[in-house]
Amino acid sequence: MSSNTGYSDKNAKSVNIQEPEERDTDTATDKYIKSSWERCRDQYKMTPDANVELVSLSESEVRQRREPMEKLLSDSEEVFDKIRTVSKQSGYAVLITNTEGVVVKSYADSNISHDLEQKGLRQGTLWSEKTVGTNGLGTCLTECKPVTVFAEEHYGFNLHNFSCSAAPLISPDGTPFGALDISTYASGNRLYQALALNLVCETADEIEAIVFKNAYAHQRVISLSFSPLRPETTALIAVNDSDTIIAATTPLLLTLGCRDRYELVGRKFQEAFSHNSEHLESSDVVELYVRINAKSLKLFATLLHHSASETQAKSSQSTLSKRSEPNSLAAKTEVAGNQAEDSPLFNAAGKEPLLLKQASRCQRIVNKGISILLQGETGTGKEVWARALHQSSERADKPFITLNCAAIPESLIESELFGYGAGTFTGGLKTGKVGKIQASNGGTLFLDEIGDMPIELQASLLRVLAESEIIPLGEVNPVKVSLNVICATHRDLKELVSSGDFREDLFYRISGFQVALPSLREREDQPVIIEKVLRALCLDEENAENVQVAPEALKVLCRYQWPGNIRQLKNVLQYAMCMREGDLIQLDDLPDEVFAEPATIEHQADQFSYAPPSRMVSMAGVAEEGTEPQTLSEKEELEQVLEQHRWVVTRAAKALGISRSTLHRKIKKYNLFIDEAAGQLDSMS
Ligand SMILES: Nc1ncnc2c1ncn2[C@@H]1O[C@H](COP(=O)(O)OP(=O)(O)OP(=O)(O)O)[C@@H](O)[C@H]1O
């Protein structure tokens with residue numbers, strides 16, 4: 001067996017080898033088949049007379065690959081039953097692979113499909129294009145597009161008997177997580193295969209919709225269709241509490257003619273559809289207009305379900321209105337009145353109106369299993385807020401564990417998080433170590449500076465969050481954990497997602513509800529915060545209970561820009577406490593930094609790693625919107641590489657060493673949608 005497959009030779013079984021003839025790529029009619037033949041010849045170095053062998057994985061290797069897809073397979077059982085019924089009648093085998101092309105599940109319900117099983121169309125075989133050459137599953141996964149590979153379109157001569165139609169299975173973040181295929185013996189009639197491709201696409205859409213609804217079970221999900229009488233069940237959109245579109249399914253993107261999912265995802269629903277999604281009511285069909293790529297379309301929207309916070313708000317409102325009808329204003333007042341103003345969250349909010357509102361919202365969702373992401377500059381009180389959330393929750397008497405991803409070396413984050421078994425590391429503790437995740441079991445894990453988490457670890461964290469179990473390093477048995485994770489960052493995570501430095505699926509997993517903590521200079525309650533921090537410091541010093549800030553000193557403090565926010569304020573007041581004589585902090589007691597002009601403050605800001613999102617430089621070095629295009633040569637280089645890669649964005653991005661979304665933005669920025677290229681553009685990649 002070829003050694004580059006990564007699978008053990010002992011499992012390799014070859015099938016039915018014949019001598020193929022020279023393959024003329026110009027005879028391939030379908031553009032995907034043509035590109036695939038070229039890849040086989042040029043990239044995989046498959047010579048036309050090479051043997052095409054099938055790799056069969058061992059049962060445990062297959063189990064390992066099926067495990068992450070187990071939930072999907074059980075959730076989609078009904079959909080699989082439908083396609084199995086059709087396949088049984090028509091003599092097709094149904095195959096589901098992971099992204100490597102390993103068949104993790106197959107159904108063979110007819111005599112023909114049993115026969116196909118014997119030929120290798122069964123669980124455990126590997127159908128990656130790199131290993132087998134042009135084939136339905138492998139080429140579909142490589143192109144990330146539905147394809148039919150009919151008879152002699154297969155690169156391997158020994159596969160010419162087959163006809164396969166496959167469609168990618170797309171996760172809510174737009175990345176494929178596998179492929180679905182139906183295959184049979186090739187007959188002379190291509191029409192059957194066209195129908196098969198249709199069936200496989202529709203089934204893949206239904207599976208995508210199921211995964212989507214599960215992933216956004218706590219968000220507002222809306223279905224959109226062209227006809228009020230036929231509500232589309234697979235064209236779905238998820239919108240968060242701020243009315244921002246956070247995900248859309250492939251059928252919807254195709255319906256709208258989006259060339260890129262970010263033509264929709266990330267936009268405000270109100271701006272895209274001229275309607276606030278909050279105003280959609282379940283069961284009512286609402287007519288909407290959307291404008292994408294200079295095309296205006298009429299659509300019909302149905303709200304499938306509310307977000308968790310809305311549902312909660314609605315149920316508490318209805319309870320209240322039952323008690324205090326007919327005056328709904330009175331009900332609202334009662335909600336406000338019920339909030340314990342001295343609760344940890346209200347205490348952290350001070351008198352800042354924006355934060356008081358957030359405190360009230362957080363109070364409602366804190367025990368609802370909704371992940372909360374805290375965003376704000378350094379020193380704005382993200383950890384204080386996280387602790388307040390923990391103290392306000394049902395987990396208050398359980399541990400609150402913090403991990404600052406920016407403060408420890410990347411190489412240690414994994415063992416800090418997951419812990420390790422006895423004797424796992426040379427130099428590690430002999431007894432092993434319990435990781436932070438396990439230590440926070442039942443309580444709260446606060447992941448500070450989540451934007452600094454290494455990308456490889458993000459996948460492991462996502463798995464832990466999805467499955468609520470960890471496997472400590474060097475151990476084999478998983479440990480169940482009850483997790484409440486609060487994440488915080490001073491970085492613009494969306495920007496990191498765009499530049500490929502932060503996983504989009506993790507972003508949505510950790511940001512069920514976002515709290516933006518304002519900088520100190522933006523706060524309306526500066527004097528209140530100054531007083532509060534001063535009082536806390538006075539408690540630490542004997543006979544300091546009467547210390548006050550003189551009015552002119554207070555004016556200077558309120559005018560200052562505070563790049564280091566409340567942490568810096570604390571340091572400044574500590575200094576002033578040492579300098580003061582008597583009970584009054586005077587102008588002279590303040591450090592020089594607070595007299596700096598705003599211009600110098602920007603410089604200081606860098607020292608405090610103060611980086612407001614609007615000034616953030618993207619990781620891939622892309623100029624921000626509105627800035628001048630960098631150079632003409634960058635545009636030329638992009639065009640050249642895109643041409644080389646036939647406008648398959650995924651491949652071109654890889655060649656350029658940038659993420660797909662960054663390349664999409666550059667394509668837009670330089671207006672590279674020339675007509676003939678636009679047609680070929682790998683839009684959904
Ligand atoms: N609302 C508040 N009232 C009083 N002190 C506060 C408040 N918020 C924050 N502080 C103080 O400011 C300092 C910084 O707070 P905290 O560590 O929570 O900020 P942060 O945003 O998590 O910072 P970083 O991003 O650098 O981790 C701490 O000393 C904290 O006690």
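Residue numbers run from 1 along each chain as its sequence is written. Because the model is predicted, local features need pLDDT of at least 70 and side-chain atom pairs count only at pLDDT 80 or more, whereas totals for chains, interfaces and linings use all residues.

The chain contains 28 helices and 24 strands, these being DSSP runs numbered from the N terminus (helices H or I, at least four residues; strands E, at least two). Of its 685 residues, 41% are buried, a residue being buried if 20 or more other C-beta atoms, placed from the backbone, lie within 10 Å of its own, exposed if 12 or fewer, and partly exposed in between.

Around the ligand lie 17 residues, of which Thr 378, Gly 381, Lys 382, Glu 383 and Ile 566 come nearest; a residue is counted as near if its C-beta atom, placed from the backbone, lies within 6 Å of the molecule. Helix H15 (382-392), helix H21 (526-539) and helix H23 (565-579) are the elements that each give two or more residues to this shell. At least three residues are drawn from each of domain 3 (339-516) and domain 4 (520-609), with bounds from an automatic or database domain assignment.

Gln 270 is placed in helix H10 (residues 269-273) and is partly exposed because 15 other C-beta atoms lie within 10 Å. Leaving aside residues up to four places away in sequence, Gln 270 touches Asp 243, His 275 and Asn 276, contact requiring C-beta atoms, placed from the backbone, within 7 Å. The C-alpha atoms of Gln 270 and Thr 244, 26 residues apart along the chain, are 8.3 Å apart.

Technical notes
Contact = placed C-beta atoms within 7 Å.
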